[in-house]
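User: I'm new to this one and would like to learn how to read it. Could you walk me through it, one feature at a time?

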Amino acid sequence: MMPLAFDLFLCGLVLAVAVAAVSGRELFGSIVFFIVYGLLMALAWVRLEAVDVALTEAAIGAGLTGLLLVGASARLRRLQAPEEETGSRKARAATAIACLSIAGLIGAAVLLLDPRAPGLAPMVDCSLAESGVGNPVTAVLLNFRAYDTLLESTVLLVALLGVWSLSDERSWGGHGGLRQYARPGGVLATFGRTLPAIGLIIGVYLVWAGSKQPGGAFQGGTVLAAVWLLMAVAGVADAPRVSNRLLRLGLVAGPALFLAIGMAGAMAGDFLRLPPEHAGNLILLIEAGLTVSVAVTLALLVVGPPQRDLPHGEPS
Amino acid sequence: MNTWYLGLAAILLLSIGAALWRVHRGPSAADRMMGAQLIGTGGVAVLLLLAAAGGPEAAIDVALVLGLLAAFASVAFAKTATRSGLGDPESDAEP
Amino acid sequence: MSVLDLITILFTGAGTVFFIAGTAGLLRFPDTHSRLHALTKADHLGLGLIAVGLAVQVASPLLALKLLLVWGLAVLAAATTSQLIARVALPPHLERQKENAGQ
Amino acid sequence: MTEMPVSSAQLFGLCGAALIGIGLYGFIAHRHLLRRLVGFNVIGSGVFLLFGSTGYRRVELGADPVPQALVITGVVVAVSATALLVALIIRLAQLTGSARLPEESPGGGR
């Protein structure tokens with residue numbers, strides 16, 4: 001009884017926060033609610049025993065999304081983009097009713113699902129021994145459905161190209177984002193120097209743990225990206241120039257390594273098939289590459305298009 | 001023991017729900033951010049309790065990640081409150 | 001019930017009480033800075049007591065260390081953000097003291 | 001748990017369905033593109049939660065790893081799409097001075 005009551009309460013909280021995030025009158029409040037929403041989602045995933053997802057959600061929701069949206073709302077305010085509210089009361093009511101009925105239909109579909117369906121868990125368990133890792137989620141990500149993961153890492157790169165293509169011509173080759181400042185010896189600078197060491201350990205730990213227990217390249221990479229962003233924000237390290245060779249190598253290392261191993265499999269007969277006797281080591285190798293690429297790509301995505309370094313750092 | 005942990009976790013959720021009111025009301029952006037900060041710490045505590053209450057042990061790792069990143073949104077917010085958006089709220093000197 | 005269980009119940013219960021007190025302060029106190037004062041109690045003491053209460057129960061010392069690391073991170077985060085938020089929320093007539101205080 | 005009128009999996013599934021509706025409302029009802037982006041993300045996480053809950057129907061078998069893996073992929077792709085959209089919105093605001101689509105601005109765009 002108690003667990004169900006807890007879940008019921010958690011769901012209620014999630015829904016309340018979601019409503020506040022989409023319907024609040026003020027943009028900043030809505031963004032803060034969305035950050036809280038990410039945190040509650042991480043709790044929900046833990047309740048569903050999907051700790052791998054919870055780790056991803058925690059790292060992205062609490063770290064990256066907050067940084068991204070808070071920064072975006074401030075820049076829009078500086079650009080004096082007016083914040084207005086809109087739509088007649090009637091139109092909003094009609095929209096609400098339509099959305100409510102869609103949610104109702106999907107909810108009915110949820111209740112119609114066979115509650116005893118075993119899903120794919122037994123199948124994964126059967127083949128887990130030959131996947132090379134002990135964490136079934138990592139096995140699915142990097143072995144059984146490696147296709148998805150390979151394409152996903154490519155999607156990240158494409159998104160980054162999209163962001164970079166928004167810089168104007170004169171800024172091309174500049175630093176991602178503008179140079180940040182922190183008072184030397186101040187709280188911000190101290191925080192920016194203390195936390196990265198711990199963050200580095202936690203990020204690497206998550207990747208290393210990912211073969212046996214929840215964790216992996218995406219979780220670890222996201223944590224590392226967030227730590228790097230913190231260093232940039234605290235003025236400890238400038239974001240590198242986008243023309244930096246080493247940076248570009250980091251961006252493609254993971255997908256390239258992944259693809260190379262996949263092609264080697266193709267030579268042996270089957271694209272992306274990992275031979276069971278080497279699977280464990282190969283997965284570790286791919287994960288190491290992916291961690292670097294995911295970390296660098298996500299960090300640069302959040303930093304935004306390259307900017308010309310302005311003499312006084314005033315945003316254009 | 002599990003019931004005790006889960007009960008405490010539920011009480012903490014309740015207090016998170018109450019803190020939402022401060023995020024909603026503000027009045028200043030700093031107030032909203034403080035509400036989010038308290039909710040973040042509360043979430044970490046709930047995760048620790050869930051791990052203890054027979055939940056997945058790796059929930060502690062989630063708490064670890066949340067704790068690590070707990071200050072990020074507030075730091076970003078403090079930055080944006082400076083004149084150029086790139087400075088340090090502790091100092092008027094700008095880059 | 002063993003002594004350890006009693007300690008756990010005592011510590012986790014007290015931690016929760018601090019959380020509730022912190023939330024009540026956040027809701028009831030009249031201005032931003034006094035609310036901040038309430039908030040840091042929950043961060044430091046609330047989570048700390050809960051972490052200690054749970055740490056005496058776990059089997060491996062590594063896990064206990066992890067619990068304390070979680071608390072340490074929260075303290076670091078709370079100390080940093082409360083300082084930064086306090087600066088941001090500084091009323092305009094105190095703005096000029098910033099430079100002096102910053103030295 | 002099986003004697004309960006709803007299981008935890010169904011509960012979170014219903015929650016996901018409601019989130020899709022809430023997010024859709026935010027996506028349609030707002031003109032400000034950043035607000036729409038928040039709505040878009042709520043829809044996405046609703047879909048993820050619904051999908052993830054289907055993998056938790058047989059608790060005794062453990063959580064199904066396949067939906068989990070796909071959701072992890074989805075969450076990371078969603079954040080990269082969000083970052084791209086944020087960059088687009090800021091660029092639009094730099095060019096037009098408004099964070100709305102030109103055809104939805106009061107003056108019909110500048």
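Analyst: Happy to. Let's begin with the word contact: it means heavy atoms within 4.5 Å. One thing to keep in mind is that this is a predicted model. With that cut-off, 4 pairs of chains are in contact, and chains A and D share the most contacts.

User: Which chains does no contact join, and how far apart do their closest C-alpha atoms lie?

Analyst: Chain B and chain D have no contact between them, and their closest C-alpha atoms lie 11 Å apart. Chain C and chain D aren't joined by a contact either; there the closest C-alpha atoms are 23 Å apart.

User: Okay, now an interface. How many residues does the contact take from chain C and from chain A?

Analyst: Chain C puts in 9 residues, and chain A puts in 9 residues. Putting the two chains together buries about 750 Å², with carbon and sulfur atoms giving 80% of that area. On the chain C side, the residues touching chain A split into 5 nonpolar, 3 polar and 1 charged. As for pairings across this interface, there are 0 salt bridges, while 1 residue pair is in polar contact.

User: What about salt bridges in general: how many does the structure hold over all chains?

Analyst: The general idea goes like this: side chains of opposite charge can pair when their charged atoms come close. Over all chains, the structure holds 5 salt bridges. One of them is between the side chains of B:Arg32 and A:Glu26, at 3.4 Å from N to O. B:Arg32 sits in helix 2 (residues 29-52) of chain B and A:Glu26 in the loop between helix 1 (2-23) and helix 2 (27-47) of chain A, so this pair joins two chains.

User: Are those two partners buried or exposed?

Analyst: For that, look at relative accessible area: under 20% is buried, over 50% is exposed, and partly exposed is in between. B:Arg32 has 10%, so B:Arg32 is buried. A:Glu26 has 34%, so A:Glu26 counts as partly exposed.

User: Which residue does C:Arg35 meet in a salt bridge?

Analyst: C:Arg35 meets B:Asp31, with 2.6 Å from N to O. C:Arg35 lies in helix 2 (residues 32-55) of chain C and B:Asp31 in helix 2 of chain B, so this pair joins two chains as well. Both C:Arg35 and B:Asp31 are buried.

User: Let's zoom in on one residue. Where is A:Val294, and what does A:Val294 touch?

Analyst: Find the element, then the neighbours. A:Val294 is in helix 11 (residues 279-303) of chain A. Not counting residues up to four places away in sequence, A:Val294 touches A:Leu156, A:Phe218, A:Gly221 and A:Thr222. With 2% relative accessibility, A:Val294 counts as buried.

How values were computed: Residues are numbered from 1 along each chain as its sequence is written. Chains are lettered from A and ligands numbered from 1 in the order in which they are written. This is a predicted model: local features need pLDDT of at least 70, side-chain atom pairs count only at pLDDT 80 or more; totals for chains, interfaces and linings use all residues. Side-chain values use heavy atoms; hydrogens and water are left out. Buried area is the accessible area (1.4 Å probe) that two parts lose on being put together, summed over both. A salt bridge is a side-chain nitrogen of Lys or Arg within 4 Å of a carboxyl oxygen of Asp or Glu. A polar contact is a pair of N or O atoms within 3.5 Å; within protein, one must be able to donate a hydrogen and the other to accept it, and residues adjacent in sequence count only if both atoms are side-chain atoms. Ala, Val, Leu, Ile, Met, Phe, Trp, Tyr, Cys and Pro count as nonpolar, Asp, Glu, Lys and Arg as charged, and the others, Gly among them, as polar. Helices (H or I, at least four residues) and strands (E, at least two) are DSSP runs, numbered from the N terminus. Buried means under 20% relative accessible area, exposed over 50%, partly exposed in between (1.4 Å probe, protein chains only).
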